[in-house]
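Subject: Structure handover

Hello,

Here is the structure for your files. Please look it over before reading the notes under it.

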Amino acid sequence: MWLPILVAVLVLIFWYRWHRQSQILENLSDKYVLITGCDSGFGNLLAKQLDRRGLLVLAACLTEKGAEDLKKETSRRLQTVILDVTDSQSVSSAVKWVTSVVGDKGLWGLVNNAGVSLPTAPNEWLTKEDFFKILNVNLLGVIDVSLKMLPLIKKAKGRLVNVASVAGRLTFCGGGYCMSKYGVESFSDRLRVEMIPFGVKVSIVEPGFFKTQVTDANLQKEQLRKIWARLPEETRKSYGQQYLDKYCSTLETVLSMSSAKLSLVTDCMEHALTAVYPWSRYSAGLDAKILYLPLSYFPTAIADFVMNLTYPKPSQSV
């Protein structure tokens with residue numbers, strides 16, 4: 001008797017979720033959306049995607065070449081600005097420019113997409129400066145851009161979309177990358193609550209592994225070998241050459257399975273910007289949905305054991 005009732009309840013829950021998810025805002029052609037990190041990857045694809053949809057895209061690129069290349073592939077509606085999220089003066093200049101463009105309409109959407117993954121290595125191999133290089137872009141840059149753009153977003157009662165990662169749920173590697181993504185999760189979760197009275201909605205996108213510069217195995221291995229070469233002899237001896245070789249091999253294997261379908265991520269971003277009821281969190285990619293996010297809910301000891309299976313062992317204990 002209870003089984004049919006349970007099935008009916010589950011069907012109603014899924015139907016309700018689908019119904020809410022499918023409700024999309026109309027008349028978005030006068031909405032401005034700023035996207036960071038548009039030179040390549042997710043940001044570049046999202047800029048083109050939203051431009052085709054008819055939104056007024058403000059694409060922030062790190063380089064002039066990135067901006068010019070993007071302009072060639074989009075409509076005249078799209079405008080570009082050069083932005084280095086690690087430079088507060090650059091961020092302030094971008095805010096002034098955006099303010100002059102959007103006027104009284106405010107900024108409907110901000111997508112904090114800019115990010116880096118290098119240098120990444122076992123923690124003991126890294127310096128404070130190595131951690132800062134990533135944290136400065138992926139976390140402090142997100143915070144700086146968000147806080148300075150918030151008045152414009154509040155004016156439009158708009159949307160803030162921060163790109164985190166499944167690495168914000170599970171720590172896959174040493175260095176600042178996973179730390180930065182955990183930080184983005186924390187910053188976004190608190191800001192979401194604080195912005196409720198202002199009608200601003202904050203969403204997090206948690207991609208799995210996708211083929212972008214962030215997951216370029218050749219770049220990762222090249223950087224890793226440079227870090228290895230600068231280590232003290234005692235540290236290299238404690239790990240052994242086999243550790244480095246196995247680490248590089250494991251890295252290449254894992255990253256080779258990255259998905260090439262970047263639209264899985266940009267579709268989540270677009271939904272967060274255009275849905276009547278955007279989700280607080282979006283997971284993108286089968287690996288995120290069926291492996292990494294479920295694993296993040298396991299007890300720490302179990303998750304650590306599973307993650308440890310993929311890593312090489314040092315040649316000796318010191």
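The model is predicted: local features need pLDDT of at least 70, side-chain atom pairs count only at pLDDT 80 or more, and totals for chains, interfaces and linings use all residues. Residues are numbered from 1 along each chain as its sequence is written, and side-chain values use heavy atoms, with hydrogens and water left out.

Whole chain

The protein chain has 12 helices and 7 strands; these are DSSP runs numbered from the N terminus, helices being H or I with at least four residues and strands E with at least two. Its radius of gyration is 21 Å, close to the 20 Å from the globule rule for 318 residues, so the chain is as compact as a globular protein of that length. (The radius is taken over C-alpha atoms, and the rule is 2.2 Å times the number of residues to the power 0.38.) Along the principal axes, the C-alpha atoms fill a box of roughly 65 × 65 × 35 Å.

Of the 318 residues, 49% are buried, where buried means under 20% relative accessible area with a 1.4 Å probe, protein chains only. Taking contacts with a separation of 6 or more, 71% are between residues 24 or more positions apart; contact means heavy atoms within 4.5 Å.

Strand 4

Strand 4 covers residues 109–112, and both of its faces are covered. Gly-109 and Val-111 are buried on one side, Leu-110 and Asn-112 on the other.

Strand 4 pairs in the parallel sense with strand 1 (residues 32–35) over 3 bridges, and with strand 5 (residues 159–163), also parallel, over 4 bridges. Pairing requires at least two DSSP bridges between the strands. Val-111 is the bridge partner of Ile-35, and Arg-159 in strand 5 is that of Gly-109.

With helix 5 (residues 128–156) between them in the unit's order, strands 4 and 5 make a right-handed β-α-β unit. Right-handed here means that, with the strands pointing away from the viewer, the path from the first strand over the helix to the second runs clockwise.

Ser-258

Is Ser-258 buried or exposed? Ser-258 counts as buried because its relative accessibility is 5%. The residue is in the loop between helix 9 (241–256) and helix 10 (263–274). Its side chain reaches the backbone oxygen of Leu-255 at 2.7 Å. Leaving out residues up to four places away in sequence, Ser-258 touches Phe-209, Phe-210, Lys-211 and Thr-215.

Regards

Key. Buried < 20%, exposed > 50% of the residue type's maximum accessible area, 1.4 Å probe, protein only. Polar contact = N/O pair within 3.5 Å; in protein donor to acceptor, adjacent residues only side chain to side chain.
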